[in-house]
There are 2 protein chains.
Amino acid sequence: MIKLFHAPGACSMSVHVALLEAGADFEPIAVDLKNGAQHSPEYLRINPQGRVPTLVTDDGTLTEVPAILNWIAQTYPQAQLAPQGDGFALAQMQSFNLFLSSTVHIAFAHLFRPERWADGDAAKDDLGARTPVNLALNFAMIEQRLADGRAWVMGAQYSVADAYLYVFSRWLERDGAGGSANLPLTVAHRSRMQERPAVQAMLAAEGLPPL
Amino acid sequence: MIKLFHAPGACSMSVHVALLEAGADFEPIAVDLKNGAQHSPEYLRINPQGRVPTLVTDDGTLTEVPAILNWIAQTYPQAQLAPQGDGFALAQMQSFNLFLSSTVHIAFAHLFRPERWADGDAAKDDLGARTPVNLALNFAMIEQRLADGRAWVMGAQYSVADAYLYVFSRWLERDGAGGSANLPLTVAHRSRMQERPAVQAMLAAEGLPPL
């Protein structure tokens, strides 16, 4: 059985949602990030980077959200969580997820975890102060993508990209991130996500309120 | 015909190599990053993020290196640039490429382009000073991966992950990155890469020396 090592509210929410959408048989295992459980010898044997999520499957262990999400979509094709039979559309979905991981997540991390890249307190403050500026630019691109009236990132069809975007549309409301006041399409997408039973089940399991 | 917008020595090298390995019919178009051509209105119409690489195909435009690399591997299967018929191995390749894009490339970018995340000069210096520390941790993981004697990232079979790793094994020698003195397996991988005709052709086309 699949094991998902995750933390409530972390980017692992997207994998949690995708596994529920897929109808996968899995066990979620919470990693207590606040108490440093991700740095314990036991966890570092599972994931030497000391991050969540980690997905342990019958074939082996996977890390990195976009890779895990696409593996779920391909392993449970009946759930239709990615474009099928259209290699270019699939690459576009992956490109969007890469933008989220390499640009949007990184922008948030400069506010939440500046110690990853800076040692001094002044530098950490500088990084945090810049985050809302970068996020405004990043989410302007996301608003642009949703501007043609599409319900989901890839158009009419829901995909794992929507579950991943939901992570960051939630994080916008965390202290210092700048909020979603000027992002109506992102907020509408977040609301649509919260109508999905899999998202409601994930929120209940992780002890999080809808926004 | 495919158009590759790239810059000599940038992470677009990996896409350049992959297109050559695939035998794709493509036109490389250099973007003059030093003179800010990536911020020109013409280029921003092609890629609103103002980054390289951008791949313009008959089906549309793709950005983000791991997504482009996998699209090339899937579109030219006869070149065998990714695991075939093994979804888990393909996900592992993507996971490795994600680690390169979201962690390793980001570590380098804090040295080369700190203005992406910081405004003050002191903060920028702090980020640059930390880069060699983070890169040493990241490349220790890469050395660990290569420690079983495998020739390539995925084992016996070459893949686009090798072309992507080559970008960063080159960048190690750039000022301030910390160098490759204690990374014998990474250096050996770099040398193996430079024996490949496609890498030699890329270096000649981009005007770069082997290392």
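I started with the order of elements in chain A: from the N terminus on, they run β-α-β-α-β-β-α-α-α-α-α-α. That makes eight helices and four strands; helices (H or I, at least four residues) and strands (E, at least two) are DSSP runs, numbered from the N terminus.

A note to myself on the ground rules: this is a predicted model, where local features need pLDDT of at least 70, side-chain atom pairs count only at pLDDT 80 or more, and totals for chains, interfaces and linings use all residues. Residues are numbered from 1 along each chain as its sequence is written, chains are lettered from A and ligands numbered from 1 in the order in which they are written, and side-chain values use heavy atoms, with hydrogens and water left out.

Next I checked overall dimensions. The C-alpha trace of chain A spans about 50 × 45 × 30 Å along its principal axes.

Then I turned to the two copies. I found that chain B can be laid on chain A with an RMSD of 0.0 Å by a turn of 180 degrees and a shift of 0.0 Å along the axis (least squares on the C-alpha atoms of residues with pLDDT of at least 70 in both). That is the relation of a two-fold axis. Both copies use the same surface, since 100% of the contact residues of chain B recur in chain A.

How many residues does the contact take from each chain? I noted 38 residues from chain B and 39 residues from chain A, contact meaning heavy atoms within 4.5 Å. The area buried between the chains is about 3200 Å², and carbon and sulfur atoms give 57% of this; buried area is the accessible area (1.4 Å probe) that two parts lose on being put together, summed over both. Phe88(B), Trp117(B) and Arg130(B) supply 20% of what chain B buries against chain A, more than any other three residues.

Arg130(B) turned up again when I looked at charges. It forms a salt bridge with Asp119(A), the closest N and O atoms being 3.0 Å apart. Between chain B and chain A I count two salt bridges (a side-chain nitrogen of Lys or Arg within 4 Å of a carboxyl oxygen of Asp or Glu).

Last, I asked which elements of chain B give two or more residues to the side that touches chain A. They are β4 (61-63), α3 (65-75), α4 (87-112) and α5 (121-146). α4(B) gives the most, with 13 residues.
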